[in-house]
Amino acid sequence: MEQSKKTFALLTAFILLLLVGGAMYKLNVFESEKEQVTKKVPSTAKESLSEISSEQSISSITEAMKGQQQSIIGTISKRSTSKGNVFLKVTDDSGTISVPIFKDKQINVVALTPGTLVKVRGEVDVYQDEIEIIPQAKEDISSVEKEVSEQITSEQVGQTKTLSAEIISKYVHPKGHIFLTVQTTNSQTLKVPLFANLKPETAQYPVHAMTTIKGKISEYKGELELIPEALQDVQLTQKTSETINSKTLATIKKSDRGQQIIVEGMVDQVVEKNGHLFFELTQGKINIKSVLFKADSQEIEGRKERIYNAMDSRFSIRVIATIDVYKDELELIIDKVLVD
């Protein structure tokens, strides 16, 4: 009898152990912590988190993403306001997108001005066939400190570099070359030649536009250059429109470098060298060195003739010119001689 009781007790304990073990298995008690965490996050949630945490290029944002959360980094290229709402255009090297900031979101918009590099996160929407990213909270849009380009030196000649820079002047050569002068984010000035074989178009490179340039470092006549291999190596990140304003010689400053202007003056000290025409344009006691570069066209001969006639007959001329700085002195690059 005593032996039967012990056998019954052991059998009962074994059955209870099986029941408890089965229950614990169903509750995943024996799974590792890593396995439990993995099962708690559905795959769709992981994908959503990935989309939010990484920035997309603007051109990759499509209407198919409507309702999704996306994040971009770009430069504010335009800002407007209406009824307390602020509407931004944000541009990167792939395109431009609208970013409406509605007043009920209570987002501080004071620092969100054109030229500011910003990170934007929000819901993708489509309004009047235009794709938008709509921030929902103040932490969804913030300014980003611009990366400072490294200083380029002669020791780096032959290396390929990518730099962010502003186009500060432009010269179009009669043979189709375009020579840009750019200023990097660390204030270094470099020449960027776009040779005629690349078939560059001058309108694509407005002065004061912000660019990202990839090219090989070279040195020509003591000046450092960054030479792109293809037009795709020069990407505009913030575009501008070129306008022609009238100025007097006395109001032209070095900080106006790159501007195209209409200016009037008397012609003095004309010297022709290698087909180029060098002279001084004067107004009263103010004079600025000027140059008309040679070109293989009849039009250039007409400009030369008008400049010589203006010097000989002592009458003033009006010209369209680009302001430049050469050897730390102001210079006017003559584009046209106007006929009044």
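A: We begin with burial: a residue is called buried under 20% relative accessible area, exposed over 50% and partly exposed in between, with a 1.4 Å probe and protein chains only. The model is predicted, so local features need pLDDT of at least 70 and side-chain atom pairs count only at pLDDT 80 or more, whereas totals for chains, interfaces and linings use all residues. Residues are numbered from 1 along each chain as its sequence is written, and side-chain values use heavy atoms, with hydrogens and water left out.

Q: How many aromatic pairs does the structure hold?

A: Rings of Phe, Tyr and Trp (its six-membered ring) pair if their centres lie within 6.5 Å, and planes under 30 degrees apart count as stacked, over 60 as edge-to-face and the rest as tilted. The structure holds two such pairs. In one, the rings of phenylalanine 87 and phenylalanine 102 have centres 6.4 Å apart and planes at 85°, so the pair is edge-to-face.

Q: What is the geometry of the pair formed by phenylalanine 179 and phenylalanine 195?

A: Phenylalanine 179 and phenylalanine 195 are edge-to-face, with 6.4 Å centre to centre and 85° between the planes. Phenylalanine 179 is partly exposed at 26% relative accessible area, and phenylalanine 195 is partly exposed at 31%.

Q: Why does threonine 116 count as buried?

A: Threonine 116 counts as buried because its relative accessible area is 17%.
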